[in-house]
Amino acid sequence: MRFASGLTLSFAVVSCAPTSTVTSPSPNVSNSATVATTPSQTIVLRIGHQKFDPLTLVKNKGGLEKRLKPLGVTEIKWIEFPSGPPMLEALNAKSIDIARTGDAPPVISQAAGSSLVYIGGSAPKDSSSALLVKEDSPIQAIADLKGKKVAFAKGSSANYLIVKILESGGVNWDDITPVYLAPADARAAFEQGNVDAWVIWDPFYALTQDKSKVRVIRDSKGLVANRDFYLSSKNFADKNPKIIEAIREETQEVAAWAKKNPEDVADFLAPLLKIDKSVLVTVSKRRDYGFETITPEMVAEQQAIADSFFKLKLIPKEIKVSEVIWQAPK
């Protein structure tokens, strides 16, 4: 409840802040973007992304600007965020027009009263997250987590994964001690022995496998889909369906290229993320970079997350994900 209330307050803080054009992790960009799609008017499109993100690849390939020019888009502002929650705060504050996050942040944001809508999703990335322990840990099975400290980011996809892992092993939520930490802090706590286990996603997962002596107790395959989701405000989406379709088409083309060329993807990402190319090849092979139309299966998966988070009091109220699925006009 405190988390959800804090997020709501954060929305208010962002929306009341003075506007400026920036590329920092917590931007308050001018919210004066024109939303008409007639070529006679000019549009500055603001896209939120993270360093390890399908949209980062789209930015690098450089084809989106050309595709959007006939629709009146004269400039794309690429605004980088450290994670999904602050990106969705910016979306709610109308500081960006398009966002891409993992599966849990949109649920948290919807429950906090955001005006977001889902405009697309990816294929499953169901091997890209895991529960890790040190190689010499006495923890050998899920049942051994009872009484242990488990680190993960609160309200994240890892949060939902540990819920499903515990359920699969017959362990109650109250049997563990959750330690809510961002990835960098969680990794330090894990390596220093301050927590017993760590639930984490790629590229941190692959990097830890490569650099540390760890064991996987359970990965995400068969438990969660772990998809990407693309989001916008309903107002922007309703007024700009052609722009959204153009972004989807370009992202799908880049995703097809990425699937065939994991080495090239790693070459681009390695200096950006400061992670060895070999690790990023592994990461790229076990994730999807696509932008697909939302399906009933995706909605059901998101609803399951929402129901679990409400049960655990991670969100303040029950929500219906189906109410914020955008439908392009026919």
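Buried is taken here to mean under 20% relative accessible area, with exposed set at over 50% and partly exposed in between (1.4 Å probe, protein chains only). The structure is a predicted model, in which local features need pLDDT of at least 70 and side-chain atom pairs count only at pLDDT 80 or more, while totals for chains, interfaces and linings use all residues. Residues are numbered from 1 along each chain as its sequence is written, and side-chain values use heavy atoms, with hydrogens and water left out.

Confidence comes next. The average pLDDT (the predictor's confidence in each residue, from 0 to 100) is 87 for the chain, and 88% of the residues score at least 70. Over residues 1-38, however, pLDDT stays under 50, and the model has 79 contacts beyond four places in sequence for this stretch; a contact means heavy atoms within 4.5 Å. Where pLDDT is low, the predicted coordinates should not be read in detail.

Is S156 buried or exposed? Because its relative accessibility is 8%, S156 counts as buried. S156 sits in the loop between β6 (149-152) and α6 (157-168); helices (H or I, at least four residues) and strands (E, at least two) are DSSP runs, numbered from the N terminus. Beyond its neighbours within four places in sequence, S156 is in contact with A104, W201 and F309. W201 is 45 residues away along the chain, and the C-alpha atoms of S156 and W201 are 9.9 Å apart.

L207 belongs to helix α8 (residues 204-211), where Y205, A206 and T208 are buried along with L207. The buried residues of α8 pack against β5 (129-134), α7 (183-191), β8 (197-201), β9 (214-219) and α12.

With a relative accessibility of 6%, S284 counts as buried. Not counting residues up to four places away in sequence, S284 touches A258, P262, V265 and Y289. The side chains of S284 and Y289 are also joined by a polar contact of 3.4 Å; such a contact is a pair of N or O atoms within 3.5 Å, and within protein one must be able to donate a hydrogen and the other to accept it, residues adjacent in sequence counting only if both atoms are side-chain atoms.
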